[in-house]
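I opened the model to look up a few packing details. My entries follow in the order I took them.

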Amino acid sequence: GHRIPAWYCRECKAITVSRKDPQKCSKCGSTQIDQDPDVLDTWFSSQLWPFSTLGWPEPTPELKRFYPNSVLVTGFDILFFWVARMMMAGIHFMKDVPFHDIFLHGLVRDEHGEKFSKTKGNVIDPLEIIDEFGADALRLALVLLAFLGRDLRLSKKRIEDSKHFINKIWNASRFALSQLEDFDPGQRPAGEKSLADRWVLSRLQAAIRETRRLIDSYQFSEAAQAVYHFFWDEFCDWYIEWSKPFFYRPEKPAQKIAAQNTIRHVLDQALRLLHPFMPFLTEEIWQALPGHGESIMTAKFPEPDPELSDPNAEAAAADLQEAVSALRVLRAENMVPIAAKVKVLILADDQATAEFFQEHKLYIESPPQVNIRELEIKTGADKPMSFVAHRIKKAEVCLDLAGLVDFDREEARLKKEIDKIDRELSRIDSTLAKPGFADKAPKEVIEKQLAIKNELLEKQQAVLANIKRLQALRARVK
Ligand SMILES: [Zn+2]
């Protein structure tokens, strides 16, 4: 810190205060003077930080370029100690405020909202976390939790979630890179874009616009979520699955070229969007992309390209996604085993809708978990008794249950489950009914038993409902 500019005279005890170091006492002229050994409050020095670090009081080029600065990032707990003083000192010495925006982040607390403390033993050591999960996983978890001005509740679970996202990025990138092995970035015809290509490029523009808007308004958590959502839910879950036929068995080579161009471009742009949140991972993968530049750190942050926005492709893709989701719901609701291949019927309300689904059959068949053996599309409303249906916008999605569910086995399994629940219930009831238990056992013990009982009763209801549904289905299919 700065030493107090006061000198004490050993002879006459007078105090000399001076900007320049004095040689003698200002009262009696003695040279026997000693400077105060103490320093000024630490915040006195810190308030000079915005300009003293730039060479002030000399008019250096750095001072000219970086004062005033644009934004200060800090915690609210030193708003008065530091921020207010920097403001005052800046206005006094530099005749201008040191920055125009102040971003106040929250404090990092544990998952229950408690401050980290060694005595409580709830400290999460960043170095241990980095060893276990990597620096990017920790950084992303912190950013995702950093809502404007609110405290962050950090837990290992949050960091594990980030790690899962990192694995997702690795896997998607590995797929993309393996499809780009014969890709020549210097010579690339546009190819023939599929609906999936047009859709993901359009969604990418929306993600770029949203991420930029959120970063510009300091909503870092929401910005990270926007990229996360685009990468996982749209690029990985839909585009990669939809693009596989164009890579593995394209009807025309131009389709494969378009898919290669698209996957390279989307991955490149998504990595740049992710870079501020996960610097190491994104640099590593970006360096493996064909046609990459020197470093993703100095690569341009993505800007939206209005030419790639495609509302028609987005609307068509949404209709196809709705049909696929309907199928997944039907499979789950009717207890269709995951591995079972199903016969599907789409009953369109009109000819145009039937033609639309016919043309884009591939997009209904290729996503995982639908597992379609046969897909028939027609207009009308007639379906055999063994089909169950789910209404979507302009059609009914129907699934044939005939031969899919082994009713006897499924019913036996559910009845066995009911027997097990009944046994556990009677055990709890007899514990609760033991003489003296209700008055003597600690309150927590009794509450715990009652909570288990309630849970079992709920489970019993759910299983009974499943048995009922199974019997109804059996009646329809037979
Ligand atoms: Zn003196």
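**The sheet and its enclosed strand**

The model is predicted, so I kept its limits in view: local features need pLDDT of at least 70, side-chain atom pairs count only at pLDDT 80 or more, and totals for chains, interfaces and linings use all residues. Residues are numbered from 1 along each chain as its sequence is written, and side-chain values use heavy atoms, with hydrogens and water left out.

I noted how elements are named: helices (H or I, at least four residues) and strands (E, at least two) are DSSP runs, numbered from the N terminus. Two strands pair if DSSP finds at least two bridges between them.

Strand β10 (residues 387-392) pairs with β11 in the antiparallel sense over six bridges. The two form a hairpin with two residues between them. I then checked the other partner. Strand β8 (residues 342-348) runs antiparallel to β11, and five bridges join them. Ile 346 stands opposite Val 397 in β11. Val 344 stands opposite Leu 399 in β11.

I traced the whole sheet next. It is open, has four strands in the order β9-β8-β11-β10, and its pairing is mixed. β9 (372-379) and β10 are the edge strands, each pairing on one side only. Neighbouring strands are turned by 20° against each other on average, direction ignored.

Is strand β11 (residues 395-400) buried or exposed? Six of its six residues are buried, so the strand is largely enclosed by the rest of the structure. Buried means under 20% relative accessible area, exposed over 50%, partly exposed in between (1.4 Å probe, protein chains only). In a regular strand, side chains alternate between the two faces of the sheet. In β11 both faces are covered: Ala 395, Val 397 and Leu 399 are buried on one side, and Glu 396, Cys 398 and Asp 400 on the other.

Helix α13 (residues 351-359) lies across β8, β9, β10 and β11, and runs at about 155° to β9. Axes here are lines fitted to C-alpha atoms, for helices over the stretch in contact, and angles run from 0 to 180 degrees between N-to-C directions.

**Two helix pairs**

I looked up α9 (residues 220-248) and α10 (residues 253-274). They pack at an angle of about 165°, with their axes 11 Å apart. That makes α9 roughly antiparallel to α10 (the cut-off is over 145 degrees). Contact means heavy atoms within 4.5 Å. The residues that meet include Phe 230, Phe 231 and Phe 235 in α9 and Ile 263, Val 266 and Leu 267 in α10. By class, this contact has 14 nonpolar, three polar and one charged residues. Ala, Val, Leu, Ile, Met, Phe, Trp, Tyr, Cys and Pro count as nonpolar, Asp, Glu, Lys and Arg as charged, and the others, Gly among them, as polar.

The axes of α5 (residues 126-133) and α6 (residues 135-145) come within 7 Å and cross at roughly 115°. Pro 126, Ile 129, Ile 130 and Phe 133 in α5 meet Ala 135, Ala 137 and Leu 138 in α6.

**A buried glutamate**

Glu 410 is found in helix α15 (residues 407-433). Glu 410 is buried, with a relative accessible area of 15%. Leaving aside neighbours within four places in sequence, Glu 410 is in contact with Met 335 and Leu 470.

Definitions and conventions:
Parallel < 35°, antiparallel > 145°, perpendicular 65-115°, else oblique.
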